[in-house]
Amino acid sequence: MSSAWEVVIGLEIHAQLATSSKIFSGASTAYGAEPNTQACLVDLGYPGVLPVLNEEVVRMATMFGLAVNATVATRSVFARKNYFYPDLPKGYQISQFELPIVEHGELFITDADGNEKRIGITRAHLEEDAGKSVHEGFEQSSGIDLNRTGTPLLEIVSEPDLRSAKEAIAYMRKIHTIVRYLGISDGNMQEGSFRCDANVSVRPRGQEELGTRAELKNLNSFRFIEKAINFEIERQIELIEDGGEVVQETRLYDSDKDETRSMRSKEEANDYRYFPDPDLLPVEIDAAYIEAVRETLPELPAAKQQRFVADYGLREDDAGILVAVRAFADFFEDVVASTQGKAQGVANFVIGDLAGALNRDGLDIEQSPVSAAALAALLDRIRDNTISGKIAKEVFEAMWAGEGTADEIIEAKGLRQITDSSAIEAIVDKVIEANPGQVAEYKAGKDKLIGFFVGQVMKETGGKANPGQVNQILKQKLG
Amino acid sequence: MSRDLHSQTLTELAAGLERGDFSSVELTEDLLGRIDSHDAALNAFVTVTAERALAAAKSSDEARAAGNAGVLNGLPLVHKDIFCTRDVLTTCGSRMLENFISPYDATVVGKLAGAGAVVLGKTNMDEFAMGSSNETSYFGPVKNPWDLDCSPGGSSGGSAAAVAARLAPAGTGTDTGGSIRQPAALTGTVGLKPTYGRVSRYGMIAFASSLDQAGVITRSSADAALLLGVMAGFDERDSTSIDHPVPDYTAALSGSIKGLRVGVVRQHFDDGLDEKTGAAVHEALAVLEANGAKLTEVDMPNLDLSVPTYYVVAPAECSSNLSRFDGVRFGHRAENPEDLLDLYCRSRGEGFGAEVKRRIMTGTYVLSAGYYDAYYLKAQQVRHLIADDFHKAFENVDVIAGPTSPTPAFKLGDKTDDPITMYLNDIYTIGANLAGLPGMSTPCGFVDGLPVGLHLVAPHWGEETLLRCAHQYEQLTDWHKACPEDFS
C-alpha cells in the first residue's frame, strides 16, 4: 500500500442485546425458530398496536456506556426512521436519532507500533432490528420472515479514528469482548448478533480534510471485515491515482469474490424523515439509576489484563489473550487457584494446549471436557516431577478423550517419569556407546549435538526420563 | 312495560334492566330492528353485528340472573370502526381495510365488553378519521338525522348519527382535532373527548398519535360519565396512557355550578362564527351565568395558529402511521404487481382515498430534509404557545366555554372541493387536542332546525368539571332531549 495515502475508517457496530423478549413487544428473541412464529401483532405492525419499551435494554445500554467511559444520557428519545421495505412491517424503524442514550465514549487499542491508541466512540443508540427477506425457495416472489423484527440492537458508532484494517479489527474485537463481558450480547457473528458496517476513505498523508467515503455493508466475520476494508482501500487509492474520483456510496462486500461492489449511491439514498416517535415517551433515567447500574459492572478486560500482569506475573500479551473471553479468563484463574504450578505455566498450557483442543473440536471454554480442577491436578504432576511437560500433553489428550483423571492415566499408561539416576545413567551409557561419531564431533566442540543425545535418551525411555537429569548426566559423561 | 326503549338514555336503560322491566335481548332486538329499518337512510353503520349482539345480550341476561351483572350489563352501544374488534371487520372507513378482520380487541372494546356492554355494530367514519364531514369514507357519507341532505360532521359521524337517530343509546368515537365534539354538536348529541392519556389508544387505529384520544357520543352527560368510568385508566400496552386515578364520574355530576368560573374566549366570537350559532351559544352562557356561574373574558392570542399547526403535526404523524398499509401483510393489495415498487404504489394508490393521500403527502413534505425545521419543528413550538394560552387562561377560570363548531350542519358536498374551509370547521376544537386537554360538546339550541353545540374545555384531568357543568346545564335546558322527527 502506498504510504503517500492515509486511511480513515469509522465503524458502526450492531450488537444484538441479549434480552429474552423484544425491544417493544413480549415476543421471544430466540434464534432459529420457524419463520414468522416469533412475531406478535406488535412486531407485525398490525393496525392499532403500540410499542412498549423493554426496560432491560436501557439497563444494558447504560452498562455499555459506563464500560466505555461514555456519557449516559438522563434523557434520550426514540425516533422513527421512515422507509418502505417488505421486511420493515411498520414502514419505519424505531431508533434513536438526535438524543441517543450513550455519547462520547472511548476505548484503547494497540497500534502497529505497539503504542496505546485512543479510539473515540461517538455514540451508541438503541433501535429495533428489521425482519429478513428470504429469496431461496421462492419463484417470482420473495418470502418475509419477521422473527427478527423488533430484536433489540445497540448501534455503536466510532469516530473516524481508525487508520488501518488491523486497527479496525482490534477495535471491533475490543467491543466484542466488552459486550460479552457485560453479558449484554452473545456476540455471535454467524447468527448476526454482532455485525458491522465500515466507513472507509483515503486522503493524501498530511491532508486535514477527509476523503469521500464509501460505506461497506454485510460484514459478518472479522476475517471478511479485514479483507473488505483492505480491498476497498486499494480500490480507492488505485481509482484516485488513475485520475478518478471516489463517490459516496454504499458498497456490498462479496466474500466469494473478495471484492466490494456498489449497492446504491448517495443520490438514491432515502430521506428517512426522522421525527420523535409519538407512541413512546422519552427515556428518563436519573443519576441514582446510573450509579446502581455501575455497581453491577463486572471487572472489564483492560483492568483484568493489568491485574493478571501485576498479580500473576504474566506476560502482557498472554494476559491479553486470556482476558479476551471472560469465561476463558475465569477458567485460567480457577486453574491457578487449585494448582501448585506457576501461573505463567498455567497460562502457557491454557493458551496452547487447551485453546488448541477447543479450537480443533469447535468447543467453547464452557464445554471443555477437562475441567479447571482436572487441569490443575495435571499441572501439579509436572510441578512435582511425576511427569514431564511433554508427557503432560499426552496425558491431557487422554483426559480430553475421557480416559480418566491425570493420575489414573499416568498410572494406567505407565507414564511416570524416570528419576532414578542409575537407570538414566545406564541408558546414557548405551546411547554414547551406540553413537561414537557424534561423541567425537561433540568433543571437538559441536555443542549443539547435546540435543541429539537428549533426543536419543528420550527415545529409549519413551519420553519418560526427567529431562533435567538427562542433560546433567550427559554433560557429565561426555565431559 | 315500556316499548319505546330506543328513546331512553343509557342511564334510564340501565335502571330498566336492573328493575327487570325488559331484558337485554329484548332491548337489543328492538334496536337491531331500528337499525334495520332506518340505517338505509343514514348509512351510519359499516357493519351490523346482529348475531354477536344477540349472543352477548343473552349472556348478559344470564349474568344478571346469576347475580354477576357488570356496570354496563346488557347495555347496547356501537363502536366507531376505528376500534379493532376481534373477529369483526374493522375498516377505518377505508378501502385499504375493506376486508380486514381484526385478530384482537382494542383495550376500549375489551373494557366495555368486560363491563357487560353489547355491541350492535361498527359505525361509519371519515377514512382513517381524516375529515370533518364523513364524506371521505370509502363506504359513502353518513347523513345527518336532522336533515338527510346534511353532513353529521366527522370523523365520528356514524356514531353521532346512530345516537342522534336513536339507533343506539351510545357510541364510541375518537377525537384528533374535534372528531367527537364536532359531530356531536352537528347532531344534537353529547360528545366527550377526555384528557390525552386518560383512555388507552391500544387497538385504536392511529391517525395522529400525539393527538388521538378515544371518547364517547351519548344523549346525556350522565351517560358519558357512566361510559368514561369504564373506559378510563392506565393500560400497560399504551406507553402514552397515564396512571392517574379514575374518579367516580357519575358522582361528579351532582355538584353545583354556583361560583364556577367560566372563561369566554374573545377570539371565539370573531368573524368566522355564524351569527345565529353565536347567538345560541351566548344564550347558553347566559343560562350558566343565571345559575351562579361567573363569566370571565379570556384571551387566546394564538388561537388562529391552531388550525395551521394541526395541519402540520397531524399529517406528519399520519404519513408515518399509515406507512404500515403497504399491501404486504394485511389490507388491500394490488393485483399482479410487476415488482415491489408497483405493489406499494398501486396498493396504496388504490387503497387510500384523496383526503388521506393529501395528508400523507403534506406530512411527508413537512418531515423531509430541509423542511423539517421550518414546518414540523416550528409547529411543535407553536403547539407549546397554544398550550400556554390555555394554561394561562386556566389560572383564572375553571372551564372555557364557547361554540363547538362555527356553523350548524352543512350540506353534503358543500365543502368537499375546498379543504381549507373544511379544516376551519375544527377551529374551536383543535386547541384542546394540541394541548392534550379534555373537551366536551353538549346541545345548546337550534339554528334553522339544526342543532348547535356548546363547547367546554377544562384543564388536564378536568373531566369531572366538564361533566358537572354540562350535566347541570342539561338539567336547566331540554336541547339534549330533542329528537329528529323522522327518528322519534
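## Burial and overall form of chain B

Buried residues account for 61% of the 488 residues in chain B, a figure that, like every other value in this report, is computed from a predicted model. The secondary structure of chain B consists of 16 helices and 11 strands. Its radius of gyration is 21 Å, close to the 23 Å that the globule rule gives for 488 residues, so chain B is as compact as a globular protein of that length.

When the contacts in chain B with a separation of 6 or more are considered, 76% of them are between residues 24 or more positions apart.

## Overall form of chain A

Chain A contains 15 helices and 16 strands. Its radius of gyration is 29 Å, which is well over the 23 Å that the globule rule gives for 479 residues, and chain A is therefore more spread out than a compact globule. The C-alpha trace of chain A spans about 90 × 55 × 55 Å along its principal axes.

Of the 479 residues in chain A, 39% count as buried. Among the contacts in chain A between residues at least 6 apart in sequence, 68% join residues that are at least 24 apart. One pair that is separated in sequence is Glu191(A) and Gly32(A), which stand 159 residues apart along the chain while their C-alpha atoms are 8.7 Å apart in space. Glu191(A) belongs to the loop between H2 and strand E11 (194-204) of chain A, and with 14 C-beta neighbours inside 10 Å it counts as partly exposed.

## Where the two chains meet

The two chains touch through 25 residues of chain A, which are in contact with 34 residues of chain B. Sorted by class, the side of chain A that touches chain B has 16 nonpolar, 4 polar and 5 charged residues.

## Two helix pairs in chain A

Two packed helices are described by the angle between their axes and the distance between the axes. For helix H2 (residues 165-182) and helix H3 (residues 222-241) of chain A, the axes come within 9 Å and cross at roughly 150°. Angles over 145 degrees count as roughly antiparallel, and H2(A) and H3(A) are therefore roughly antiparallel to each other, with a crossing that is right-handed. On the H2(A) side the residues involved are Ala165(A), Ala168(A), Ile169(A), Met172(A) and Arg173(A), and these meet Phe222(A), Ile225(A), Glu226(A), Ile229(A) and Asn230(A) in H3(A). By class, this contact of H2(A) with H3(A) has 7 nonpolar, 1 polar and 2 charged residues.

The second pair is made of helix H7 (residues 326-338) and helix H8 (residues 343-361) of chain A, whose axes come within 10 Å and cross at roughly 135°. H7(A) and H8(A) are therefore oblique to each other, and H7(A) passes H8(A) in a right-handed crossing. The contact is formed by Phe331(A), Phe332(A), Val335(A) and Val336(A) from H7(A), together with Ala343(A), Val346(A), Ala347(A) and Val350(A) from H8(A). The residues of the contact of H7(A) with H8(A) comprise 8 nonpolar, no polar and no charged.

## Backbone details in the loops of chain B

The loop between strand E3 (118-123) and helix H5 (157-164) of chain B holds Ser155(B), and a cis peptide bond, with omega about 10°, joins Gly154(B) to Ser155(B). Asn134(B) is also found in the loop between E3 and H5 of chain B. Its phi is near 65°, a positive value in a residue other than glycine, and Asn134(B) is buried, with 34 other C-beta atoms within 10 Å.

Asp87(B) lies in the loop between strand E2 (76-80) and helix H4 (107-114) of chain B. The phi of Asp87(B) is near 65°, again a positive value in a residue other than glycine. Asp87(B) has 12 C-beta neighbours inside 10 Å and therefore counts as exposed, whereas Asn134(B) counts as buried.

Conventions. Residues are numbered from 1 along each chain as its sequence is written. Chains are lettered from A and ligands numbered from 1 in the order in which they are written. This is a predicted model: local features need pLDDT of at least 70, side-chain atom pairs count only at pLDDT 80 or more; totals for chains, interfaces and linings use all residues. Helices (H or I, at least four residues) and strands (E, at least two) are DSSP runs, numbered from the N terminus. The radius of gyration is taken over C-alpha atoms; the globule rule is 2.2 Å times the number of residues to the power 0.38. A residue is buried if 20 or more other C-beta atoms lie within 10 Å of its own, exposed if 12 or fewer, and partly exposed in between; C-beta atoms are placed from the backbone. Two residues are in contact if their C-beta atoms, placed from the backbone, lie within 7 Å. Ala, Val, Leu, Ile, Met, Phe, Trp, Tyr, Cys and Pro count as nonpolar, Asp, Glu, Lys and Arg as charged, and the others, Gly among them, as polar. Axes are lines fitted to C-alpha atoms, for helices over the stretch in contact, and angles run from 0 to 180 degrees between N-to-C directions. Angles under 35 degrees count as roughly parallel, over 145 as roughly antiparallel, 65 to 115 as roughly perpendicular and the rest as oblique. A crossing is left-handed if the near helix is turned anticlockwise from the far one by less than a right angle, and right-handed if clockwise.
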